[in-house]
Amino acid sequence: AISFDDLTRLEHSVDPSVRSESYYMCNDALIQLFRLIKDTQGRPIWQPSLAELAQDRINGRPYAYNQAMAGTVATTADTVIFGRLPDYKFR
């Protein structure tokens with residue numbers, strides 16, 4: 001399973017100079033999992049947008065769907081990535 005601590009570690013693995021421009025990418029099945037995760041205070045890390053046309057957030061960060069990524073959590077699969085993703089080309 002993926003925990004709040006795992007997502008926090010993933011965010012802090014990114015250089016602070018680009019962290020504010022970074023976002024998550026994962027399969028929709030993982031988004032469902034994130035909607036159920038609570039932080040250490042018991043609050044959901046899923047933050048629904050209150051503004052029309054604004055995107056919901058995970059732990060205060062935007063996200064993008066990628067159905068080509070693994071839809072289940074496994075130690076051998078890259079299930080979630082986080083970073084300033086426009087800097088990278090994916091194949």
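1. Strands E1 and E4 run parallel and are joined by 3 bridges. At this pairing, Cys 26 stands opposite Tyr 65 in E4. The model discussed here is a predicted one, and the points below should be read as a description of that prediction.

2. On its other pairing, E1 meets E5 in the antiparallel sense, over 4 bridges. Here Tyr 24 is the residue that stands opposite Phe 82 in E5. In general, the strands of a sheet pair through backbone hydrogen bonds, in either a parallel or an antiparallel manner.

3. Taken together, these pairings give an open sheet of 3 strands, in the order E4-E1-E5, with mixed pairing. Strand E4 (63-65) and E5 are the edge strands, since each of them pairs on one side only. Neighbouring strands of the sheet are turned against each other by 20° on average, with direction ignored.

4. Helix H1 packs against this sheet. It lies across E1 and E5, and its course makes an angle of about 40° with E5. Within H1 (residues 4-12), the buried residues are Phe 4, Leu 7 and Glu 11. Viewed down the helix axis, these buried residues fall within an arc of 65°, so they line one face of H1. The face turned away from that buried side carries Arg 9 and His 12, which are exposed.

5. Which elements cover the buried residues of H1? The cover includes two helices, H2 (16-19) and H3 (28-34). It also includes the strands E1 (23-26), E3 (57-58) and E5 (80-83). Two of the strands named there, E1 and E5, are also members of the open sheet described above.

6. When neighbours within four places in sequence are left aside, Glu 11 is in contact with Arg 19, Tyr 24, Asn 59, Arg 61 and Phe 82.

7. Arg 9 counts as exposed, at 56% relative accessibility, whereas Asp 6 is partly exposed, with a relative accessible area of 34%.

8. A second salt bridge is formed by the side chains of Glu 21 and Arg 84, at 3.0 Å, N to O. Glu 21 lies in the loop between H2 and E1 and Arg 84 in the segment after E5, so the pair ties together parts that are 63 residues apart in sequence. Both partners are partly exposed: the relative accessible area is 44% for Glu 21 and 27% for Arg 84.

9. The side chains of Asp 39 and Arg 43 also meet in a salt bridge, with an N to O distance of 2.9 Å. Asp 39 counts as buried, at 15% relative accessibility. The cut-off for burial is under 20% relative accessible area.

10. The side chain of Ser 22 reaches the backbone oxygen of Val 18 at 2.8 Å. Not counting residues up to four places away in sequence, Ser 22 touches Val 14, Pro 62, Phe 82, Gly 83 and Arg 84. Among these, Arg 84 is the salt-bridge partner of Glu 21, and Phe 82 is also in contact with Glu 11.

Methods:
Residues are numbered from 1 along each chain as its sequence is written. This is a predicted model: local features need pLDDT of at least 70, side-chain atom pairs count only at pLDDT 80 or more; totals for chains, interfaces and linings use all residues. Side-chain values use heavy atoms; hydrogens and water are left out. Buried means under 20% relative accessible area, exposed over 50%, partly exposed in between (1.4 Å probe, protein chains only). The arc is that of the directions from the helix axis to the C-beta atoms. Contact means heavy atoms within 4.5 Å. A salt bridge is a side-chain nitrogen of Lys or Arg within 4 Å of a carboxyl oxygen of Asp or Glu. Two strands pair if DSSP finds at least two bridges between them. Axes are lines fitted to C-alpha atoms, for helices over the stretch in contact, and angles run from 0 to 180 degrees between N-to-C directions. A polar contact is a pair of N or O atoms within 3.5 Å; within protein, one must be able to donate a hydrogen and the other to accept it, and residues adjacent in sequence count only if both atoms are side-chain atoms.
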